[in-house]
Amino acid sequence: YGVPRGYNISYRILGDSSELHSLSIENPAANSFVLDELEEFTLYEIILQAYNDVGTSDPSPVVIERTNEATPGAGPKEVNATSTSSTTILVSWGEVKKSDHNGIIEGYKVYYGGKSVPFQYKNIKSNTTMQTTLTELKKFTSYSIQVLAYTRIGDGVLSGPPIHVTTFEDV
């Protein structure tokens with residue numbers, strides 16, 4: 001009953017059993033508010049209540065919203081590289097940790113190069129392919145190799161540290 005003095009917003013990650021995060025907006029004319037510092041590409045449950053000198057209203061129905069997609073926050077784990085000939089290297093990698101996806105992984109880029117070879121990358125346009133063979137490499141040359149995952153928003157973080165592999169020397 002009465003005119004609101006402000007609003008309480010409560011929220012948490014959907015399915016999280018922890019306590020709700022709460023904040024108060026001490027502006028009765030407010031009709032929107034931006035929650036910040038949330039996890040990317042994550043579902044949240046949000047509840048609103050009005051308050052005044054008499055007390056607090058019943059909670060609103062729970063609203064479920066997903067935050068925006070972003071670039072991956074870390075590179076793939078377990079990157080391995082093995083020279084398979086004088087001109088090829090087999091590269092494999094593991095998953096990006098789920099909490100670092102920040103969206104839907106669309107593919108991977110394998111970066112490679114060295115002191116005598118300019119850096120370039122091979123684009124793997126699949127989120128289920130976890131290995132590739134680099135071809136047409138220079139013989140008996142040391143390569144540094146790193147892998148990143150990407151979402152539709154852009155490239156994530158390179159794996160680290162770089163893996164160093166030398167192609168075979170011809171007999």
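Modeller: Here is a walk from the core out to the salt bridges and then into the loops. Keep in mind that this is a predicted model.

Let's start inside. The largest nonpolar core has 20 residues. Ile89, Val91, Trp93, Tyr108, Val110 and Ile145 are the ones with the most contacts inside that core. Strands β6 (89-92), β7 (107-114), β8 (117-124) and β10 (142-151) each put in at least two residues, and β10 gives the most, with 4 residues. In general, nonpolar side chains in soluble globular proteins tend to be buried together.

Leaving out residues up to four places away in sequence, Val91 touches Val79, Asn80, Ala81, Val110, Met130, Gln131, Thr132, Leu134, Ile145 and Val147. Two of those partners, Val110 and Ile145, are themselves among the residues with the most contacts in the core.

Now the rings. There are 4 aromatic pairs in the model. One of them is Tyr11 with Tyr44: the ring centres are 6.4 Å apart and the planes sit at 55°, so this pair counts as tilted. Tyr11 comes from strand β1 (residues 6-13) and Tyr44 from strand β3 (residues 43-51), so the pair ties together parts 33 residues apart in sequence. Both Tyr11 and Tyr44 are buried.

Tyr112 and Tyr143 make another tilted pair, at 6.4 Å centre to centre with 50° between the planes. Here the link runs from strand β7 to strand β10, so parts 31 residues apart in sequence are tied together. Tyr112 is buried at a relative accessible area of 8%, and Tyr143 is buried at 2%.

Two charged side chains also sit over rings. Arg66 lies over the face of Phe41, 4.6 Å from the ring centre. Lys109 does the corresponding thing with Tyr150, at 5.5 Å from the ring centre.

On to the salt bridges, of which the structure holds 5. As a general point, side chains of opposite charge can pair when their charged atoms come close. Arg5 and Asp53 meet through their side chains at 2.6 Å, N to O. That pair links distant parts of the chain, with Arg5 in the segment before β1 and Asp53 in the loop between β3 and β4 (63-66), 48 residues apart. Arg5 is partly exposed at 45% relative accessible area, while Asp53 is exposed at 66%.

Arg12 and Glu45 form a salt bridge as well, with their closest N and O atoms 2.9 Å apart. Arg12 belongs to strand β1 and Glu45 to strand β3, so this bridge ties together parts 33 residues apart in sequence. Glu45 is buried, with a relative accessible area of 13%.

The bridge between Glu69 and Arg152 has an N to O distance of 2.8 Å. Glu69 is in the loop between β4 and β5 (80-83) and Arg152 in the loop between β10 and β11 (154-155), so the two join parts 83 residues apart in sequence. Glu69 is buried at 13% relative accessibility, whereas Arg152 is exposed at 59%.

Take the one between β9 (131-134) and β10, where Thr141 sits. Thr141 is buried, at 8% relative accessibility. Its side chain reaches the backbone oxygen of Lys138 at 3.5 Å. Neighbours within four places aside, Thr141 is in contact with Ser116, Val117, Val165, Thr166 and Thr167.

Glu136 is in the loop between β9 and β10, and has a positive phi of about 55° although it is not a glycine. Glu136 is exposed, with a relative accessible area of 77%. Phe140, also placed between β9 and β10, has a positive phi of about 45° without being a glycine. Phe140 is exposed at 53% relative accessible area.

Finally, there's a backbone feature in another loop. The peptide bond from Gly160 to Pro161 is cis, with omega near -10°. Pro161 is found between β11 and β12 (163-166). For context, most residues other than glycine have a negative phi, and most peptide bonds are trans.

Note on methods. Residues numbered from 1 in each chain as written. Predicted model: local features only at pLDDT ≥ 70, side-chain atom pairs only at ≥ 80, totals over all residues. Heavy atoms only, no water. Core = buried A, V, L, I, M, F, W, Y, C linked by side-chain atoms within 4.5 Å. Buried < 20%, exposed > 50% of the residue type's maximum accessible area, 1.4 Å probe, protein only. Contact = heavy atoms within 4.5 Å. Phe/Tyr/Trp six-rings, centres within 6.5 Å; stacked < 30°, edge-to-face > 60°. Lys NZ or Arg CZ within 6 Å of the ring centre and 35° of its normal. Polar contact = N/O pair within 3.5 Å; in protein donor to acceptor, adjacent residues only side chain to side chain. Salt bridge = Lys/Arg side-chain N within 4 Å of Asp/Glu carboxyl O.
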